[in-house]
Each structure stands twice: as C-alpha cells, then as structure tokens.
Amino acid sequence: MLSIVAAAFLAAAAPAAAQNAPAPKPILTTIDKVPMVELYDGGGGLPYLGSTTSYNAGDWEGALRTYHDSGVYLNQVAQIDTLAQRAIDKGDRHYRVQYKHARAAAKHGNGHDGHGGGHGGGHMPRKPAIVLDIDETSLSNYSAINADNFTFGTNSQGEATNEVGVAIPSTLALYKDAIARGVAVFFITGRGEASRPHTEHNLIAQGFDKWSAVVLKPAGSTLSTVAYKSGARADIEKQGFEIVANIGDQYSDLAGGHADAAYKLANPFYFLP
C-alpha cells in the first residue's frame, strides 16, 4: 500500500503530467536504409504533407518565436548534435585502430622476404569524414526568418549575401571536435555557387574556418536536392572517405544514402523537398 506521503506526492504530480506532453526525445529510425537519429515528434520540423514544393510556418508566428526565444529550439538541436558527436568520436577511434592494424600488417608482410613483398599487406581503412548542411544546421538565419514573419521574404532571400548566419553552438562544438581529431569536414549546401564568397566568409566569421570542401549547387543545375546532395556524398566516398555522420535539418539533406548514419536537426521554420 502506498504511504500517505507517496500517495499525496503522486496525486500532486499526476495533473501536471497529464496536462503536458513530455518533451520529445531522440529516436533511431532510417532514411533510405541509412540509420537516422531524430526527435520522435518528426525531427522538430514542419509536418510532412506530401508536398513537392516548399512551404513556411508563417501561420504560427507567436508559437515559433516562443519556441526559439525560450531556448527550446537550440536545446532540441543540441540533443541530436550530441549524439552525432559521439558517433563521430567512435568512428574516429575505430579508424585509428583499423589504421594501426593495417600498418602493422603491412610491416609484417614486408619484413620477411626482404623484397618489400610478402603476404598480408595491410588494407588501409577509408578516412572518416562528416557532412554538414549550412542553413539551420551550421548557421542559424533566424534573424532573417523572424524579420520575414516566417515566410520566404526578402530578408531570407538575401541571407547568404547579407551573411546573417550565426553559428549554432552545438554544431560548432561538434565541428571543432571533428577538426581536432583530424576528421575531414565537408559542407554540402543548397546555396548556389554564386554565393560562395559570402558563404565561406560567413562560415569563417562564425568559427567554421577549416574544411575539406564547401560544395555549392552548380549554376543551372536542375537536380533535386536529394539527387544533388547524395551525388556530392558519393563523390566524397570516391575520394577515399567514409562518411560517419551526415547532419542536416531537412530530410532532403539526408535522403539518398552514402553515409553511415544521418542526424536530423529540428527546424519547424520551413520545409524544403
């Protein structure tokens, strides 16, 4: 039987629990057969409505401002970034073990016949890499989004040229950890090639100052986001890298494979097919 104190505690706690849904937690699902980590409310994004065109969240202005200004937004992003960072660290450790074994096998194979031949020349592992989207993944353009009342207005259209992006703290921490470990970092963005000078300058100004490549969409490209970004990841793999984490705020950043795991960050401000 419950004690009087325990019963009183549960009675007091029950109404609060019933009145508020619990904050969403990370779950493991898949996207195009690639493991994907997101929040169980759909990644903290706008609902998927089967649309083939973009839509914005302008009808929900007050709630969205509270969501951002209260810190819930960055907290949700940080939950997924933290899991991604752990995976990156694990991938780096795995690579170093494999590399050490491959070097030892190569040395052993070359050390018996005196001719640099022999058996068991170590097969070198692919180098670990991560892929980061830019907008609402690495850089927050919330000032432009807010100024446009959550529509794709003039401020949002000029966000690259105006270099309004501010580093998302948890993604910047993940990035710095990867760089410190020697993990290759590739940015793949839907921004057009013409925006390269402003895009790179904004990244550098916000602390993202080293990378293996910043991939922007070629002028005149008619590829969908999924086809363009998955193709860019395939090109990275062809260079001898293993993408241990692909991180973005849109499903179109993550679909199409060519990554060990995908990490979907919250973005309730807009949807891009």
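Predicted model: local features only at pLDDT ≥ 70, side-chain atom pairs only at ≥ 80, totals over all residues.
**Around asparagine 202**
- You'll find asparagine 202 in helix α8, which covers residues 196–205.
- Its relative accessible area is 2%, so asparagine 202 counts as buried, the cut-off being under 20%.
- Setting aside neighbours within four places in sequence, asparagine 202 touches Leu139, Glu163, Val164 and Gly165.

**The sheet**
- Seven strands make up an open sheet with mixed pairing, and their order is β1-β2-β10-β9-β4-β7-β8.
- The edges belong to β1 (26–31) and β8 (213–217); each has just a single partner strand, so one side of each has no neighbour in the sheet.
- Going from one strand to the next, the twist averages 25°.
- Take β7 (residues 184–192) and β8: they pair in the parallel sense, over four bridges.
- Glycine 192 has lysine 217, in β8, as its bridge partner.

**Helices across the sheet**
- Helix α7 (residues 169–181) lies across β4 (127–132), β7 and β9 (241–248), and α7 runs at about 160° to β4.
- Helix α9 (residues 225–238) lies across β4, β7, β8 and β9, with an angle of about 155° to β7.

Terms used
Residues numbered from 1 in each chain as written. Heavy atoms only, no water. Pairing = 2+ DSSP bridges. Helix = DSSP H or I, 4+ residues; strand = E, 2+ residues; numbered from the N terminus. Axes fitted to C-alpha atoms, helices over the stretch in contact; angles between N-to-C directions. Contact = heavy atoms within 4.5 Å. Buried < 20%, exposed > 50% of the residue type's maximum accessible area, 1.4 Å probe, protein only.
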